[in-house]
Amino acid sequence: MIGMKKDLTVKFLVYGAVLIALNIVITRLLGYDIGPVRISFTFIPLSLGSIMFGPLWGAVLALIADVLGQFLKGSPPWLGFCISTVLYGITYGAFLYKN
């Protein structure tokens, strides 16, 4: 749909904002804590963003969603978790973009 070298359009920004909001909602409302393990379906909006926009923009969307989610939770973003979330976006985009 939109590659890494295309201009930012309103359609791109709206899709990205919806995916970020969906990621935050899924993480906060539909996540289950079982002891120290958290089970959620955050991979769905992350993989959709990477499929539609590519690995670079998928990583950017994942980073924004992670940082905003942490601020809404009331804690500062942790660098290790931010890096792992960015790597999720890159990995999903590398394997699923244009396939």
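What volume does the largest pocket have? The answer is about 700 Å³. The model is a predicted one, in which local features need pLDDT of at least 70 and side-chain atom pairs count only at pLDDT 80 or more, while totals for chains, interfaces and linings use all residues. Residues are numbered from 1 along each chain as its sequence is written, and side-chain values use heavy atoms, with hydrogens and water left out.

A word on terms before going on. Pockets and cavities come from a 1 Å grid over the protein atoms alone: a cavity is a set of points where a 1.4 Å probe fits but cannot get out, a pocket is an open set with protein on both sides within 12 Å along at least five of seven lines, and lining residues have an atom within 4 Å of a point. Grid points are joined across faces, edges and corners, and the volume is the space filled by probe spheres set on them.

Back to the pocket. Its lining runs to 23 residues, with T27, R38, D66, Q70 and T85 nearest the centre. The biggest contributor is α3, with 6 residues. By type, the pocket lining splits into 10 nonpolar, 9 polar and 4 charged residues; here Ala, Val, Leu, Ile, Met, Phe, Trp, Tyr, Cys and Pro count as nonpolar, Asp, Glu, Lys and Arg as charged, and the others, Gly among them, as polar.

There is also 1 cavity of 30 Å³ or more, and the largest cavity has a volume of about 50 Å³. L19, I20, N23, P45, L46, G49, S50, G58, L61, A62 and A65 line it, and the elements giving two or more of these residues are α1, α2 and α3. This cavity lining holds 7 nonpolar and 4 polar residues, and no charged ones.

Next, the helix packing. Axes are lines fitted to C-alpha atoms over the stretch in contact, and angles run from 0 to 180 degrees between N-to-C directions. Angles under 35 degrees count as roughly parallel, over 145 as roughly antiparallel, 65 to 115 as roughly perpendicular, and the rest as oblique.

For α1 and α2, the angle is about 160° and the axes are 9 Å apart, which makes the two helices roughly antiparallel. Their crossing is left-handed (the near helix is turned anticlockwise from the far one by less than a right angle; clockwise would be right-handed). In contact terms (heavy atoms within 4.5 Å), F12, Y15, G16, L19, L22, N23 and I26 of α1 meet P45, L46, L48, G49, M52 and F53 of α2. That contact takes in 10 nonpolar and 3 polar residues, with no charged ones.

The pair α1 and α3 also has axes 9 Å apart, but at an angle of about 45°, so these helices are oblique to each other. They cross in a right-handed sense. On the α1 side, F12, G16, L19, I20, N23, I24 and R28 touch W57, L61, I64, A65, L68, G69, Q70, L72 and K73 of α3. The residues here are 10 nonpolar, 4 polar and 2 charged.

Finally, the axes of α2 and α4 come within 8 Å and cross at roughly 50°, which makes this pair oblique too. The crossing is right-handed, and F43, L46, S47, S50 and I51 in α2 meet Y88, G89, Y92, G93 and L96 in α4. This contact divides into 6 nonpolar and 4 polar residues, and no charged ones.

Note on methods
Helices (H or I, at least four residues) and strands (E, at least two) are DSSP runs, numbered from the N terminus.
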